[in-house]
Amino acid sequence: ASAPELQFDGKSVIGDDVGYYGISQGGIIGGAYMALSTDIERGVFGVGGMPYSLLLDRSQDFGLFNDLMRSQFPDPREFALLVAGMQSAWDVGEGAGYAQVITANPLPGTPAKRILMQVAIGDVQVSTLAAHISARAYGAPTIAPAVRPIWGVDEVSGPHEGSALIEWDYGSPEPLENVPPSGPDTHECVRQEPAAQEQADIFLRTGRVEQTCDGACESTCL
């Protein structure tokens, strides 16, 4: 913090209150990082979720790997077992392997964490179903007014002290099948929202989750 390169107008740009903000892979692998951190107590996961074994088939990014793997394992039952088995290798480095020790029952020497998840309906790279799983694991509610009900996730009025899941609706539909959405990709949208930036800033500074949208978080992608 005292290095000249990190000074602005004679003051350090690094403060004592440090948080984590991870987007996409940073919101997936960020679960492991937050669980293991001895210093950071609040984190924002942008368009993240868990586990990888759920994400793959529902991600447009998996396309080429999907084709290669299915050429060797054409039986969908064998393919499903293969991906499920691979999850044990990913557990050591993504949120799914640490879900029970992030917001409750923290690991020895680590504080319990608070997590704010900001996701976009219609994301073709990281399914919002993965964020729903995270929210249930973290005991995180949505903040009223939510854009839709989420099974197993309560809706509470803000401001809220604790973890939370906020969804943005851009009018891009999500399929019921185990495939990526076919509409416009909303993966990049939330990070550009002034309301999302304000919400993340308030949370990282205070630990408080506020509804910064004017009503439900419905928008067009910037």
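Two strands pair if DSSP finds at least two bridges between them. That's handy here, as five bridges join β5 to the parallel strand β9. Keep in mind that this is a predicted model, where local features need pLDDT of at least 70, side-chain atom pairs count only at pLDDT 80 or more, and totals for chains, interfaces and linings use all residues. Residues are numbered from 1 along each chain as its sequence is written, and side-chain values use heavy atoms, with hydrogens and water left out.

**Strand β9**
- Helices (H or I, at least four residues) and strands (E, at least two) are DSSP runs, numbered from the N terminus.
- Strand β9 covers residues 164-168, and five of its five residues are buried, so the rest of the structure largely encloses it. Buried means under 20% relative accessible area, exposed means over 50%, and partly exposed is in between (1.4 Å probe, protein chains only).
- Both faces of β9 are covered, with A164, I166 and W168 buried on one side and L165 and E167 buried on the other.
- Look for Q118, which stands opposite I166 of β9.

**The nonpolar cores**
- A nonpolar core is a set of buried Ala, Val, Leu, Ile, Met, Phe, Trp, Tyr and Cys residues joined through side-chain atoms within 4.5 Å.
- The largest one has 21 residues, and F45, I115, M117, Y138 and L165 have the most contacts inside it.
- At least two residues of this core come from each of α2 (30-36), β5 (114-120) and α6 (128-138).
- There's also a second, separate core of 17 residues, including I143, A164, V190 and V209.
- Leaving aside neighbours within four places in sequence, F45 is in contact (heavy atoms within 4.5 Å) with residues including Y20, M34, I115, M117 and Y138.

**S134 in α6**
- S134 sits in helix α6, and S134 counts as buried because its relative accessibility is 4%.
- Not counting residues up to four places away in sequence, S134 touches G49, M50 and M117.

**Helix α5**
- What is buried in α5? F79, V83 and Q87 are.
- Those residues cover an arc of only 95° around the axis, which puts them on the same side of α5. The arc is that of the directions from the helix axis to the C-beta atoms.
- The buried residues of α5 pack against α3 (52-55) and α4 (63-72).
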